[in-house]
Amino acid sequence: MSTRTKTTFLAALDKSPPTNDFIKGLWRENPVFVQVLGMCPVLAVSNTAENALVMGLATTFVLLMSNTLVSLLRAFIPRQVRIACYVLIIATFVTMTDYLIQAISLELHQALGAFISLIVVNCLILGRAEAFASRNTTGRSMLDALGMGLGFTFGLLCLGAVRELLGSGSLFNVVIFPDHFQEWVVMMLPAGGFFTLAIWLLIFNAAKKSKD
Amino acid sequence: MLNKTLNIAASPHITRGISIVDIMRNVVWALLPVTAFAVYAFGLGALMLLITTTFSAVLTEHVLCRINRKESTVSDWSAVITGLLLGLTLPPGLPLWMAFVGGVISIALGKFAFGGLGYNAFNPALVGRAVLQAAFPAAMTTWHPAFLSDRFSAFPAATFTLPFMEPATDGLTGATPLTVLSLATDGFTGATPLAAFKFERITTETADLALGLISGSTGETCAILIILGGIYLIARNMMNWRIPVSILSTVFVLSGIFYLTDNPIYPSPFFMLFSGGLMLGALFMATDTVGSPITPAGAWLYGVIIGLLVVVIRLWGGLPEGVMYAILLGNALSPHIDNLIRPRVYGTTTRENSHASKAFIRTIRQQPENAPGDGQHRVDLRPDHRTDLSGHTVTDSPAQGRSAGESDFQGHSGNDHKKDISD
């Protein structure tokens, strides 16, 4: 994000009511469909709805905690080393999430693979820390993190649901189609992720265009 | 005062009296013998398959045009060709719902996502087939036998599979060792010759391959009819003959070289030439005027690349057939080939002094306001009314956006010509 858009964007935000901080991440500035941020996990672990949900919630948790901490510490973090500080904060919570998921379900942890650790480099989280939490009050930062995190989860779920439904005929591991369902192998492959994302982006852009 | 307004337009300035519709209709005619033979060889299943793909392609084109609030382009026949070509590349016993999905993907993803006719970087029918191949690998490699006695009274078991359901098998399909054994004698079996060779080292008689007495995709079996269709289009100057010639000769020469090494894993060049989708691909898919280079030298290079890829995939790849991927890769490369090989614009450079001319062009490019100093090539380069060196008046705007300077001297390369013709 360039400096100019960032400042105008912030100026617009400051006038808006606090509930807007929460709502905007869900729809108007949805991280997946509008900002197209953090595409690595969106494409990689959206092959089933369950993976997508866990990934989305893990990201939401890290986002919420890091946004809170960054906004609490924003007066103390020197401007010159702020990125390093943010990454340190984010990495702490990512490590916690990593262990947490491993403790709850080893199977899920293995399914998500390295992508849990890779939340640390998710540009959505660093982006919110830099663009929002470092200049706003803790309450607003938390609302922003929740909105963005849930918007991200929503985006992941949109992809995961379609891919699981077509790729294995089930949703959240519940079999939807009757026996002899023909699985669309491509939906489980990375290519299917790109196709699904493209179709969702098309739908969202068309919806936005018709609204304008 | 002049009464007339000067008409300034982008090239091409000279057009033939042939429209898109003419070319497309002729392609359909060229494909009709192939289609008829496919129906004759595979019966009702193939007929339904071809009708389904054509219908779904045309329907998708119409619906997408309506959604975009444009005039429907169905009447230019290009969607018919896409649908027909897709049907001809699919296995004859494929469930119709998969064929329908393939037609939708061909037009929506292969054509409209890029901007419609004239902008499709890849052959739309092959895009549809590639997605189907990736989505349903099992169904796409289940080959229905040709020339079954009941082919005009019964449908293949899988044809009327309910949407999203797995196709049923009727015991006739598939390359079981037994059916493959009989392939050498009569060729009336479910395995394609390429698969039989790849996995069982069984070759098929070249005559059977050329006449289409084999199993395979719906329209790829009878090489002779495909060649006849191609010759018709070439004779009417509606197909770039260099592309099929270079693809086929590359495949023939390369596989001939390997065949001479006497290693049993390499089939004879005639087998390579007449088996699989090579003929159909080389004549009707690779020659898609949008996805192939425009210069003669570019067309040769494009054909050589595709031929090379076909040989590499067939001989050393995991799949028995690679024409589809070879052509799609060739399509992807063709804009780069067009950038690499550019026609010499009349009057700019000659072979003798090309170095000097390039240096000259470089000089005037650095000082566009001044006339060049060497006196020989005096050209008016003032931006308001610039004349390009072939004598056409060029408006200034299209050139400004380009980064590398050379494009001005090429006239308008590429895309403008390509809008005329496709598929």
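Colleague: What share of the 423 residues of chain B count as buried?
Modeller: This is a predicted model, so treat every figure here as computed from it. A residue is buried if 20 or more other C-beta atoms lie within 10 Å of its own. Of the 423 residues of chain B, the share that passes is 45%.

Colleague: Among contacts in chain B between residues at least 6 apart in sequence, what percentage join residues at least 24 apart?
Modeller: Contact here means C-beta atoms within 7 Å. Take the chain B contacts between residues at least 6 apart in sequence. The part that joins residues at least 24 apart is 70%.

Colleague: Is α1(B) roughly parallel or antiparallel to α3(B)?
Modeller: Helix α1 of chain B spans residues 20–42, and helix α3 of chain B spans residues 78–89. Their axes come within 10 Å and cross at roughly 25 degrees. Angles under 35 degrees count as roughly parallel, so α1(B) and α3(B) are roughly parallel.

Colleague: Which hand does the crossing of α1(B) and α3(B) have, left-handed or right-handed?
Modeller: From α1(B), the contact takes residues including B:Met24, B:Val27 and B:Leu31. From α3(B), B:Ile81 and B:Leu84 are among them. By class, the contact has 10 nonpolar, two polar and no charged residues. The crossing is left-handed.

Colleague: How does the contact of α2(B) with α4(B) divide into nonpolar, polar and charged residues?
Modeller: The axes of helix α2 (residues 44–67) and helix α4 (residues 96–110) of chain B come within 8 Å and cross at roughly 35 degrees. The crossing is right-handed. B:Met48, B:Thr52 and B:Glu61 are among the α2(B) residues, and they face a group in α4(B) including B:Phe100, B:Gly103 and B:Ile107. The division is 10 nonpolar, seven polar and one charged.

Colleague: Does B:Gly256 count as buried, exposed or partly exposed, and why?
Modeller: B:Gly256 is in helix α11 (residues 242–260) of chain B. Its C-alpha is 6.6 Å from that of B:Ser268, 12 residues away in sequence. B:Gly256 has 15 C-beta neighbours inside 10 Å, so it counts as partly exposed.

Colleague: What is the order of helices and strands along chain A?
Modeller: Chain A comes to 10 helices and two strands. Read along the sequence, the pattern is α-α-α-α-α-α-α-α-β-β-α-α.

Colleague: What is the radius of gyration of chain A?
Modeller: The C-alpha atoms of chain A fill a box of roughly 60 × 45 × 25 Å along the principal axes. For 212 residues, the globule rule gives 17 Å. The value for chain A is close to that, so chain A is as compact as a globular protein of that length. The radius of gyration is 18 Å.

Colleague: Of the 212 residues of chain A, what share count as buried?
Modeller: Among contacts in chain A between residues at least 6 apart in sequence, 77% join residues at least 24 apart. As for burial, the share of the 212 residues is 40%.

Colleague: Which helix gives the most to the side of chain B that touches chain A?
Modeller: The contact takes nine residues from chain A and eight residues from chain B. The chain B side divides into seven nonpolar, no polar and one charged. The top contributor gives three residues, and it is helix α5 (residues 124–135) of chain B.

Terms used: Residues numbered from 1 in each chain as written. Chains lettered and ligands numbered in written order. Predicted model: local features only at pLDDT ≥ 70, side-chain atom pairs only at ≥ 80, totals over all residues. Contact = placed C-beta atoms within 7 Å. Helix = DSSP H or I, 4+ residues; strand = E, 2+ residues; numbered from the N terminus. Nonpolar A, V, L, I, M, F, W, Y, C, P; charged D, E, K, R; others polar. Buried ≥ 20, exposed ≤ 12 C-beta atoms within 10 Å, placed from the backbone. Rg over C-alpha atoms; globule rule 2.2 N^0.38 Å. Axes fitted to C-alpha atoms, helices over the stretch in contact; angles between N-to-C directions. Left-handed = near helix turned anticlockwise from the far one by under 90°. Parallel < 35°, antiparallel > 145°, perpendicular 65-115°, else oblique.
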